[in-house]
Amino acid sequence: MKILGIESSCDETGVAVYDGDRGLLAHALHSQVETHAVYGGVVPELASRDHIQRLVPLTVEALDEAGVAKSALDGIAYTRGPGLMGALLAGASFARSLAWSLDIPALGVHHMEAHLLAPMLEENPPEFPFVALLVSGGHTMLVLVAGLGRYRLLGQSLDDAAGEAFDKTAKLLELPYPGGPALEKLAEEGDPGRFRFPRPMTDRPGLDFSFSGLKTFTLNTVHANDGDPTARADIARAFQDAVVDTMAIKCRRALQQTGVDRLVVAGGVGANQALRARLREVAEAENATVHYPRLALCTDNGAMVAYLGHCRLAAGERADLSFDVTARWSLEELTEPRPAA
Ligand code: KG4
Ligand code: ZN
């Protein structure tokens, strides 16, 4: 089956073609970073308008690169949620209309489920079951993945998501949007020994996270070192070390508690090199393997949507022609693919 995947939940338009026999054939992406940078964050209305303009040319580009005519497509998957309503609607209405005109099925899929399965697009994909650390701009979760659609939430952030914490801390340090990559770069120049930030919620059992206190800690440290030009990089380093350490402790605990020996890391923050290096150490210490998508498939993209759509459509799952999108959607509401009667 050849599936077109469409992602438009936030500030990236992604379109990809996945073939059940040949794998990922092409993926095209447009990032809206420049559109939102002047505002210091994503402006939802601008995001929706930009998706509308990019969807058609990106689809043409992805199909061309894949060497697949649109008449050869067997189905279309699009992100149904969670995400920004207007942005989701742009992708959903485009995907649904195109599928209707081609007389092929369309399926709305869960954005975080797509992130979770992105490492399946790489060499040596993980087998089920595995523990997944999902770290994006809107979510921080540890999930036990027994199979497609079989998810048990082990822990999550009680306040800010990890990516959100990176973005807000970057703002405090007067770094440009998007904050995560900029903070990582600044942290590379920082002295790891100068400040030590707390590792929230690691001193008690459980797998939940809390990152909002780190923001306050950062703010206080910034004020206390006002006028010192070297402090910013040292603060960035201390913040990143604290987040990475906290996630490493919780991942280790999750592997121990579940007895599972495969760890998957996905979502935008999974692009962070310090986190990747640290989790490789954790996996080694636990005799486990760790699986990441390549950097381009950590952040939002169409390939993960096309892959997930293929898994579900090839298993016979179908949806009727009516469609909706949803800003909030729990991963635990998902089920295994249900073939249409
Ligand atoms: O998965 P994603 O592209 O979009 C959402 O679904 O949210 O994740 C975006 C988040 C942003 O908060 C961004 O700052 C963060 O991932 N991020 C990073 C890095 N690259 C992206 N955080 C830390 N280090 C990075 N290298
Ligand atoms: Zn995402």
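Guide: H5 and H7 pack at an angle of about 15°, with their axes 10 Å apart. They therefore count as roughly parallel to each other (angles under 35 degrees are roughly parallel, over 145 roughly antiparallel, 65 to 115 roughly perpendicular and the rest oblique). This is a predicted model, where local features need pLDDT of at least 70, side-chain atom pairs count only at pLDDT 80 or more, and totals for chains, interfaces and linings use all residues. Residues are numbered from 1 along each chain as its sequence is written, chains are lettered from A and ligands numbered from 1 in the order in which they are written, and side-chain values use heavy atoms, with hydrogens and water left out.

Visitor: Where are H5 and H7 in the chain?

Guide: Helix H5 covers residues 162-172 and helix H7 covers residues 212-224. Helices (H or I, at least four residues) and strands (E, at least two) are DSSP runs, numbered from the N terminus. Axes are lines fitted to C-alpha atoms, for helices over the stretch in contact, and angles run from 0 to 180 degrees between N-to-C directions.

Visitor: What about H2 and H3?

Guide: Helix H2 (residues 44-66) and helix H3 (residues 85-102) pack at about 30°, and their axes are 8 Å apart. Their crossing is right-handed. Among the residues in contact are His51 and Leu55 of H2 and Ala90 and Phe94 of H3.

Visitor: Changing topic: how many aromatic pairs are there?

Guide: The structure holds 5 aromatic pairs. In one of them, Phe128 and Phe130 have ring centres 5.5 Å apart and planes at 20°, so the pair is stacked. Rings of Phe, Tyr and Trp (its six-membered ring) pair if their centres lie within 6.5 Å; planes under 30 degrees apart count as stacked, over 60 as edge-to-face and the rest as tilted.

Visitor: Is Phe130 buried or exposed?

Guide: Phe130 is buried, at 0% relative accessibility, while Phe128 is partly exposed at 34%. Buried means under 20% relative accessible area, exposed over 50%, partly exposed in between (1.4 Å probe, protein chains only).

Visitor: And what joins Phe128 to Pro129?

Guide: A cis peptide bond, with omega near -5°. Pro129 is in the loop between helix H4 (111-117) and strand S6 (130-135). Another cis bond joins Gly81 and Pro82, with omega about -10°. Pro82 lies in the loop between strand S4 (75-81) and H3.

Visitor: Why mention that?

Guide: Because most peptide bonds are trans, and most residues other than glycine have a negative phi.

Visitor: Last one: what is Arg294 in contact with?

Guide: Leaving aside neighbours within four places in sequence, Arg294 is in contact with Leu24, Leu121, Glu122 and Arg276. Arg294 and Glu122 are 172 residues apart in sequence and 7.5 Å apart in space, C-alpha to C-alpha.

Conventions. A crossing is left-handed if the near helix is turned anticlockwise from the far one by less than a right angle, and right-handed if clockwise. Contact means heavy atoms within 4.5 Å.
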